[in-house]
Amino acid sequence: MILRVPLVLSALLAFTSAGLRAADTIKVGEIASMTGKEAVFGQSSHKGTLLAVEQINAKGGVLGRQIELVTEDNQSKAGESATVARKLLSRDKVVALLGEVASSRSLEMAPIAQRARIPMISPASTNPKVTEVGDYVFRVCFIDPFQGTVMAKFAKENLKIKRVAVLTSVSSAYSVGLAKYFRERFVADGGEIAIEQRYAEGDKDFKAQLTAIRAAGVEGVFVPGYYTEAALITRQARELGLEVPLFGGDGWEAPQLLEIGGPAVNGTYYSTHYSPESDSPQVKDFVAAFRARWNGETPDAMAALGYDSALVLADALRRAGGTEPAKLRDAIAATKDFSGVTGVTTLGAQRNATKAASIITVKDGKFQFVQSVAP
Ligand code: PHE
């Protein structure tokens, strides 16, 4: 009995000081795949997001308060983004959610943000359905109808490909969508999809699909997937003697593409959101600050988009003059001509950004910028 009093008291004190802390800072939730199969995506976007938050805080924060980034790891697992989104909203009472990178995972968190009427900004999910969930869901990147068009045109006009195979990951909303938009444009422009094959996330053996593709006699293979499978597919294609160009979208963007793919990925192409080789002063400053903060690492597209997502949120918080969710939502929706490292963000009526795509190739085991394609 005697012991219980101080225990209760200290619990009360802890509760009160947590309450005070929460009032001091502006809590922003972040959901990322920090571990698991797409850990590279989560690690990158997190490093960019955190750098932005640290820079904002170093300059005094927003509205006289520091931003506190509360990061939750979904372990790259299906279902986990919904669970941690609920946790961030109910336990941490975050004023907004940043994330996810992968479209399937953004599609898990979006309905939760929408129902709670707490704004969510996806840095990098390109599937159109993500922002269609509702008026509290935004993104700071382009969408796949644009990306699919960019790669269809590039294949036809630059690679001079007329007959193509498409190899889609049917368990990824991103892959299914990007395949669709590529197909529509490629066929509309007079190209032919000679064969379509499918796989699922986590598959390791693509020989059956690639053998069928080789037999179809195509001039190129479009692989709208993520880097692990894209790299394995390219290696196995070369092992089977399929020498035509393979190309994909932003899901290819990771140093692991080079590590897993080895020399096989030379001569592949993909579209993405930015290039660290850009000579814009803003990008140069960002690349330098990122390298200084993260052990000399060069920021990739997800890092750049994570960075911009936090800056766009901070800008909206300032314009909203507070954290009231409806006002913050309106301020995010009104984002116009906001200059970031992935270009200028203006959020349209559908809450998407319209930005240029960068096309990258792999040459001698290194990423190389090919061209920028304006929207
Ligand atoms: N656009 C991908 C998706 O929607 C995610 C991604 C973004 C991957 C940026 C790589 C780089 O699932």
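A polar side-chain atom of Ser 103 lies 2.5 Å from an oxygen atom of the ligand, in what is a predicted model. The ligand sits in the largest cavity, and the shell of residues around the ligand draws at least three members from each of domain 1 (8–142 + 279–355) and domain 2 (145–272).

- Like Ser 103, Tyr 226 places a polar side-chain atom 2.5 Å from an oxygen atom of the ligand.

**Make-up of the surrounding shell**

- There are 13 residues around the ligand, of which Ser 103, Ala 124, Thr 126, Tyr 226 and Asp 250 come nearest.
- Sorted by class, the shell around the ligand comprises seven nonpolar residues, five polar residues and one charged residue.

**Backbone features in two loops**

- The peptide bond that joins Gly 99 and Glu 100 is cis, with an omega of about -15 degrees, and Glu 100 is found in the loop that runs between strand S3 (96–98) and helix H4 (103–116).
- Gln 75, a residue other than glycine, has a positive phi near 55 degrees, and Gln 75 is found in the loop between strand S2 (67–73) and helix H3 (80–90).

Conventions: Residues are numbered from 1 along each chain as its sequence is written. This is a predicted model: local features need pLDDT of at least 70, side-chain atom pairs count only at pLDDT 80 or more; totals for chains, interfaces and linings use all residues. Side-chain values use heavy atoms; hydrogens and water are left out. A residue is near a molecule or strand if one of its heavy atoms lies within 4 Å of it. A polar contact is a pair of N or O atoms within 3.5 Å; within protein, one must be able to donate a hydrogen and the other to accept it, and residues adjacent in sequence count only if both atoms are side-chain atoms. On a 1 Å grid over the protein atoms alone, a cavity is a set of points where a 1.4 Å probe fits but cannot get out, and a pocket is an open set with protein on both sides within 12 Å along at least five of seven lines; lining residues have an atom within 4 Å of a point. A molecule sits in a cavity or pocket if more than half of its atoms lie within 2 Å of its grid points. Ala, Val, Leu, Ile, Met, Phe, Trp, Tyr, Cys and Pro count as nonpolar, Asp, Glu, Lys and Arg as charged, and the others, Gly among them, as polar. Domain bounds come from an automatic or database domain assignment. Helices (H or I, at least four residues) and strands (E, at least two) are DSSP runs, numbered from the N terminus.
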